[in-house]
Amino acid sequence: MREIFDSTVERLFADLVTPDAVRAADTGHWPAELWAALEESGFGLAAVPEALGGAGASWADLCGVVRLCGRYALPLPLPETLLANWLLGVCGQPAQAGPLSFAARGSLKLAAGKVSGVAVDVPWGRNVPALVAIAAGEVPTLVLLPVEGASACTLRSNTAGEARDEFVYESAVPLLAVPLPAGVPTDVLLLGGAMLRSAQIAGALQGMLEMTITYANERVQFGKAIGSFQAIQHQIAVLSEHTAASVMGAEAAFAESAETLARLPVTAAKVCASEAAGIGASVAHGVHGAIGFTHEHALHLGTRRLWSWRSEFGTLTYWSGELGRALCQGGAAAFWPSLVAGQLETSAGAHA
Amino acid sequence: MSIDQFKYSRIPPEAEALRSEVRAFLADTLKDYPAIRRADSWMGFDAEFSRRLGARGWVGMALPKRYGGSDASPFARYVVIEELLAAGAPVSAHWFADRQSGPQILHYGTDAQKDRHLPAICRGEQYFCIGMSEPNSGSDLASIKTRARREGDKWVVNGQKVWTTNAHRSHYMIALVRTGENSKRQEGLSQFIIDLSLPGITIRPIKDLTGSEHFNEVFLDEVVLDADALIGTEGQGWSQVTAELAFERSGPERFLSSIALIHTLIDAVGRDPDALQAKEIGRLAARLVTLRNMSLSVTAQLAAGENPAWAASCVKDLGAVFEQEIPELAQLLCDIPPTAEGGCDHAQVLAYLTQMAPSFSLRGGTREILRGIIARGLGLR
């Protein structure tokens, strides 16, 4: 399924997600026709079980799609829709048509069937009809909230102009409320968001790497292509190493995630991707020089996203702090066995 | 090259099944093994330990059964060596034979060479070193001057090798030597299996900055070799050497050299780390997980008969940066100064690995050489 997904999406994006289309979206234009094309292809429902009307694709099948979303700077909440519909499916609920988003952080509470509180940093919030979130209450509950049911809305956007909105709910009636099944952690949306961003960062870095190589081979100074200078070569080598690390991290995270998102691999992916994002953007801009700093050049379509995506759904500090605390709790003897198992091991391994 | 070479490859279950056996063996064998010796990782030389591993079938295990190996998959070998390294087992004696010389002899060797070397390698009894660098040929390896000339059915070798790890404790050296004059420097090079007990060979250990003796000068003065000391094809030494590089540069020894210090750091920090300690330990763990996946991905490519030299260089360079950063972080995270003598385990391991760290980006190809290879692979000229 992976190859078909990758090639289909790549063709679609190469045709439709042009730098001009991305620039237009960055200034607030919602590319409805592009969403229609995606919806027609069925990708919004890809991660939904077949029994619930989706394609039943695994996260492993979808890693390439999400990487491509990053690579083309897709100005639409396709990754968010995938995750939101997936979680609905995990909770036994049917997928929603149309674009969908989610709130990974906030203070939503469910009481007497009504939701109150704040949903923060909702990607594409203003552009979607509804968002999913986990509301606290007697038990953690998955809620589907209509955007127009919010009593207040603060519009924000990230460094790339992508909507990251805040909604206040006061005794709003959710479209759906279902207890979070046992085994689904209450931070599932934060974890899922981190997984999505790690793949988008990997994709954006891959695109930027190719752009940077092409530029270094074309741009002539001192009578030769700047890519023939060792100082430039070594910087681009470092960019490629970090690109490879972010790709590997994302691939592992998606491959190990199924009904349950694989916490340790996702954490590793987001930490490595967040680190790679800053290093990669710095090298790409350094090599491109002043032309890469212009609005006209397409480089910033990647770099301005990297500068936000690395912080979204948990910074490097947040996720490495979580992992580091857990590993110290386990003690030195469990460190290596935990990394090998891809999950925290409490029992001691081989070495004392 | 392509970034997409890095496909996620899980260790197959039959290889994974070995892990608990290896861990149990190590827990037993290294029960009272001190932390400072675990820090020696693949520089720790212990012939008795190598023989015990050989008896378990864990040396040369990827070699064919008829030569004493186990026909094991590269992943099975990977499980064994990563567990050995993570535990800090003293694997140096057989390391180069297991990783490099054995597979090379299998690939290029004559039947006589295979019979002479492979069974002894698999028993953990025959040790190899790799003779590459010379006094004026480090990164610029193709400029080597050690020469072998034909005399009747013999070869006579003259020259000098340097930085040869374990030469003073090995039985054989596989050396890259000039055998012909060609306009292209990479041509006219050949590899020889040199018996280090032969007359004319002088081996002088060079103390490293810690005072330990790992590497050596090897002088070759009119050393007479039998015709079948030549391994592979005369004049093909360069391509034989470069074919090994992916094996040499992608293994877990390229990012686990400082793992003993992560272990003592976690012990020193305790169960309740502060925010900075938690963040940095978590960040190291995240990078280690990713490096391991990259290394396993290269292993899968090698197993499929591909030559992932570019991807291997990525693993080696990122891995060296990682290994070198561990002592830097460790000394920031705990208020425990390094101690070369006395002091707690952490202080001693910190002192040792801080001093060893510069070698991590020298051995097996310098940072600059690797980044040059990576850049060329990316299409930069």
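User: What should I know about the model and its numbering before we start?

Analyst: It is a predicted model, in which local features need pLDDT of at least 70, side-chain atom pairs count only at pLDDT 80 or more, and totals for chains, interfaces and linings use all residues. Residues are numbered from 1 along each chain as its sequence is written, while chains are lettered from A and ligands numbered from 1 in the order in which they are written.

User: How many helices and strands does chain A have?

Analyst: Chain A has 11 helices and 11 strands. Helices (H or I, at least four residues) and strands (E, at least two) are DSSP runs, numbered from the N terminus.

User: And what is the radius of gyration of chain A?

Analyst: The radius of gyration of chain A is 21 Å, close to the 20 Å from the globule rule for 352 residues, so chain A is as compact as a globular protein of that length. The radius is taken over C-alpha atoms, and the rule is 2.2 Å times the number of residues to the power 0.38. Along the principal axes, the C-alpha atoms of chain A fill a box of roughly 75 × 60 × 35 Å.

User: What share of chain A is buried?

Analyst: Buried residues make up 55% of the 352 residues in chain A. A residue is buried if 20 or more other C-beta atoms lie within 10 Å of its own, exposed if 12 or fewer, and partly exposed in between, with C-beta atoms placed from the backbone.

User: Now chain B. What does its secondary structure come to?

Analyst: Chain B comes to 13 helices and eight strands. Its radius of gyration is 21 Å, which agrees with the value near 21 Å for a compact globule of 381 residues. The box filled by its C-alpha atoms is roughly 70 × 45 × 40 Å along the principal axes, and 54% of the 381 residues of chain B count as buried.

User: Which domain does UniProt list for chain B?

Analyst: An unreviewed UniProt entry lists residues 13–125 of chain B as "domain: Acyl-CoA dehydrogenase/oxidase N-terminal". UniProt positions are given in the numbering used here, feature names are shortened, and annotations may be inferred rather than shown by experiment. In the model, that span is 64% helix and 0% strand, and its end C-alpha atoms lie 30 Å apart.

User: On to the interface. How many residues of chain B are in contact with chain A?

Analyst: There are 45 residues of chain B in contact with 45 residues of chain A; two residues are in contact if their C-beta atoms, placed from the backbone, lie within 7 Å. Helix 10 of chain B gives the largest share of the side of chain B that touches chain A, 17 residues. By class, this side of chain B has 25 nonpolar, eight polar and 12 charged residues. Here Ala, Val, Leu, Ile, Met, Phe, Trp, Tyr, Cys and Pro count as nonpolar, Asp, Glu, Lys and Arg as charged, and the others, Gly among them, as polar.

User: What covers the buried residues of helix 13 of chain B?

Analyst: The cover includes helix 7 (230–256) of chain A together with helix 11 of chain B. The buried residues of helix 13 of chain B are B:Leu370, B:Arg371, B:Ile373, B:Ile374 and B:Ala375. After helix 13 of chain B comes B:Gly379, with a positive phi near 95°.

User: Back to chain A. What is the strand order in its four-stranded open sheet?

Analyst: The order is 1-5-6-9 in chain A, with mixed pairing. The edge strands are strand 1 (101–103) and strand 9 (176–179) of chain A. Strands 1 and 5 of chain A pair in the parallel sense over three bridges; two strands pair if DSSP finds at least two bridges between them. A:Ala103 stands opposite A:Ala133 in strand 5 of chain A.

User: How much of helix 9 in chain A is buried?

Analyst: Eight of the 11 residues of helix 9 (residues 299–309) of chain A are buried. They include A:His300, A:Arg305 and A:Trp309. The buried residues pack against helix 2 (19–26), helix 6 (188–218) and helix 8 (263–288) of chain A.

User: Which loop holds A:Trp124?

Analyst: A:Trp124 is in the loop between strand 4 (114–123) and strand 5 (130–135) of chain A. Its phi is near 60°, a positive value in a residue other than glycine. A:Trp124 is buried, because 21 other C-beta atoms lie within 10 Å.
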